[in-house]
Amino acid sequence: MKSIKDIYKIGKGPSSSHTMGPAKAMEIFVSEHPTAEGFEVELFGSLADTGRGHGTDNAISLVSGDKPVSIIFNVTDRNLPHENTMDIYEIRDGKRVGSAMRVLSVGGGDIKIIGREELEAPSVYPERSFLEISEFCKKEGIRLSD
């Protein structure tokens with residue numbers, strides 16, 4: 001979490017990393033591929049293991065607009081950068097076009113897109129640890145609870 005503002009998010013499903021994150025990734029991909037005939041999403045790790053039960057497939061489908069989405073639950077590949085990994089492909093003429101957008105759903109509805117670190121939210125506080133926060137409070141003469 002980069003800011004206290006990150007706490008207040010509303011999404012569908014029992015798990016933000018299984019619904020909000022994948023939906024956010026799909027929204028980005030759909031907006032970047034307006035001429036796609038459809039999409040293919042391959043879920044790995046925990047997303048593949050519990051994706052139907054946690055509504056990952058529904059969350060992805062809801063934001064794909066009127067274009068078809070094929071969802072693959074890959075439960076065999078385990079050499080992953082994160083337990084909530086997904087690849088999104090554009091489909092044209094029934095085939096994958098271009099390379100996948102690899103997305104890590106890192107929790108709280110937040111995502112990391114491999115190769116696009118510039119999209120990550122900036123830090124809004126200079127303090128990086130409890131010690132730094134405590135020192136700031138002492139210097140400013142304020143209580144930690146304030």
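**Entry 1: a first look**

Which residue in E4 is the bridge partner of Met86? I looked it up, and the partner is Val103. Before going on, I noted that this is a predicted model, where local features need pLDDT of at least 70, side-chain atom pairs count only at pLDDT 80 or more, and totals for chains, interfaces and linings use all residues. Residues are numbered from 1 along each chain as its sequence is written, and side-chain values use heavy atoms, with hydrogens and water left out.

I found 4 helices and 5 strands in the protein. Here helices (H or I, at least four residues) and strands (E, at least two) are DSSP runs, numbered from the N terminus. Reading from the N terminus, I wrote down the order α-β-α-α-β-β-β-β-α.

**Entry 2: the sheet**

I followed the strands next, and two strands pair if DSSP finds at least two bridges between them. The 5 strands make an open sheet in the order E2-E1-E3-E4-E5, with mixed pairing. E2 and E5 are the edge strands, each pairing on one side only. On average, neighbouring strands are turned by 25° against each other, direction ignored.

E3 and E4 run antiparallel and are joined by 7 bridges. E4 and E5 are also paired in the antiparallel sense, over 4 bridges. I went back to Val103 and saw that its bridge partner in E5 is Ile113. Gly107 has a bridge partner in E5 too, namely Asp110.

Then I looked at the turns. E4 and E5 form a hairpin with 2 residues between them, and Gly108 in the turn has a positive phi of about 65°. The hairpin of E3 and E4 also has 2 residues between the strands. There, Asp93 has a positive phi of about 50° although it is not a glycine. Asp93 is exposed, with a relative accessible area of 66%. My note on the terms: buried means under 20% relative accessible area, exposed over 50%, and partly exposed in between (1.4 Å probe, protein chains only).

**Entry 3: the core**

I checked how much is hidden: 36% of the 146 residues count as buried. A nonpolar core is a set of buried Ala, Val, Leu, Ile, Met, Phe, Trp, Tyr and Cys residues joined through side-chain atoms within 4.5 Å.

The largest such core has 18 residues, and those with the most contacts inside it are Val41, Leu43, Met86, Ile88 and Val103. Among the elements giving two or more residues to this core are helix H1 (20–32), helix H2 (45–54) and strand E4 (95–107). I picked Leu43 to follow, taking contact to mean heavy atoms within 4.5 Å. Not counting residues up to four places away in sequence, Leu43 touches Ala48, Thr56, Ile60, Ile71, Ile72, Phe73, Asn74, Thr85 and Met86.

Where does Asn84 sit? I found Asn84 in the loop between E2 and E3, and at 5% relative accessibility this residue counts as buried. Beyond residues up to four places away in sequence, Asn84 touches partners including Ser17, His18, Ser46 and Val103.

Asp57 is in helix H3 (residues 56–62). Asp57 is buried yet has no salt bridge, and the nearest side chain of opposite charge, Arg52, is 4.4 Å away. For this I used Lys and Arg as positive and Asp and Glu as negative, with His and the chain ends not counted. A salt bridge needs a side-chain nitrogen of Lys or Arg within 4 Å of a carboxyl oxygen of Asp or Glu.

**Entry 4: salt bridges**

How many salt bridges are there by this rule? I noted 7 salt bridges. In one of them, Arg116 pairs with Glu32, the closest N and O atoms being 2.8 Å apart. Arg116 lies in the loop between E5 and helix H4 (130–140) and Glu32 in helix H1, so the pair ties together parts that are 84 residues apart in sequence.

Arg92 and Glu90 meet in a salt bridge as well (2.7 Å, N to O). Arg92 is partly exposed at 33% relative accessibility, whereas Glu90 is buried at 7%.

Definitions and conventions
Axes fitted to C-alpha atoms, helices over the stretch in contact; angles between N-to-C directions.
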